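This briefing covers helix packing, nonpolar cores, aromatic contacts and a few single residues. The sequence and structure come first.

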Amino acid sequence: MLKSKEQYLELIKELGKLQEGERNEVIRHLCKTDIYFLSFFVLDQEFYYNDFAFNFCKKISENPWQLWLVARGHLKSLTITVAHNIQLILNNPDIAIAIPSYNMKTAKSFVRQIKIILESNALLQALFPDILYSNPSTQSPKWSEQEGLVVKRKTTRKEPTVMGFGLVDGQATGYHFDVLSFDDVVTQDSVTSPEMIQ
């Protein structure tokens, strides 16, 4: 990551001066290595242009593989569950990512966010035609919130690239995922008795 959010505005200006092929290679590299660049510039999340978002992305890039306890509305799900998982896919399209949540409805909402981005972000599709389908709903072997999403792969593994499931309903059995990206596993409904709290 760069040292300040202001440097990203300068970077974007400099990228505009490059020839298209070179520019695309640089942007492709940044998508795979810089979570702030991916979130702010490629996923077009303009509200990331603030000190909190910049510092949060910096912390996540230093160590994404830990428990993050962050208040609601502070970009945890968008940055980790959505942007970071997309980054993992761009680095390894053969990966299998599970998103377990308290229930299936919540898990599917995260898969839906990733699905919408991968099927509608023209810049991502142009940068990664080796990984992303231009029309995944007809080209991908599996492309649904319920059964998961599959990008272009070299393997024929049964696990989808991304799949969500509920911890109290709709658990996935018989799958072997590379990454478990837990999000919203504790809700108001999950702490209604001493046994559930335990």
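A residue is called buried under 20% relative accessible area, exposed over 50% and partly exposed in between, with a 1.4 Å probe and protein chains only. By that cut-off Thr-106 is buried, at a relative accessible area of 19%. The model is predicted, so local features need pLDDT of at least 70 and side-chain atom pairs count only at pLDDT 80 or more, while totals for chains, interfaces and linings use all residues. Residues are numbered from 1 along each chain as its sequence is written, and side-chain values use heavy atoms, leaving out hydrogens and water.

**Helix 2**

- Helices (H or I, at least four residues) and strands (E, at least two) are DSSP runs numbered from the N terminus.
- Helix 2 covers residues 20-33, and at 1.5 Å a residue its 14 residues should span 20 Å, which agrees with the 20 Å between its end C-alpha atoms. The expected span is 1.5 Å times one less than the number of residues.
- Ile-27, Arg-28, Leu-30 and Cys-31 are buried in helix 2.
- They lie on the same side of helix 2, because they cover an arc of only 165° around the axis. The arc is that of the directions from the helix axis to the C-beta atoms.
- The partners of these buried residues are helix 1 (5-15), helix 3 (35-42), helix 5 (76-91) and helix 7 (122-127).

**Nonpolar cores**

- A nonpolar core is a set of buried Ala, Val, Leu, Ile, Met, Phe, Trp, Tyr and Cys residues joined through side-chain atoms within 4.5 Å.
- The largest one has 46 residues, of which Cys-31 and Leu-124 touch the most other members.
- At least two residues of this core come from each of helix 1, helix 2, helix 3, helix 4 (51-62), helix 5, strand 1 (97-101), helix 6 (104-120) and helix 7.
- Helix 5 gives the most to this core, with eight residues.
- A second, separate core has six residues, including Ala-96, Ala-98, Met-163 and Phe-177.

**Aromatic contacts**

- Rings of Phe, Tyr and Trp (its six-membered ring) pair if their centres lie within 6.5 Å; planes under 30 degrees apart count as stacked, over 60 as edge-to-face and the rest as tilted.
- There are 11 aromatic pairs in the structure.
- One of them is edge-to-face and joins Tyr-36 to Phe-54, at 5.3 Å centre to centre and 85° between the planes.
- Tyr-36 is in helix 3 and Phe-54 in helix 4, so this pair ties together parts 18 residues apart in sequence.
- Both Tyr-36 and Phe-54 are buried.
- One aromatic cluster consists of Tyr-8, Tyr-36, Phe-40, Phe-47, Tyr-48, Tyr-49 and Phe-54.
- The charged end of Lys-5 sits over the ring of Tyr-49, 5.3 Å from its centre. This term requires NZ of Lys or CZ of Arg within 6 Å of the ring centre and within 35 degrees of the ring normal.

**Single residues**

Contact means heavy atoms within 4.5 Å. The contacts below leave aside residues up to four places away in sequence.

- Thr-106 lies in helix 6 and touches Ser-101 and Asp-184.
- Ile-89, in helix 5, is buried with a relative accessible area of 1%. Its contacts are Ile-95, Ile-97, Ile-131, Val-151, Thr-161 and Val-162.
- Leu-43 is in the loop between helix 3 and helix 4 and is buried, with a relative accessible area of 9%. Leu-43 is in contact with Leu-38, Ala-83, Ile-117, Asn-121 and Leu-124.
- The C-alpha atoms of Leu-43 and Cys-31 are separated by 9.7 Å, at 12 residues apart along the chain.
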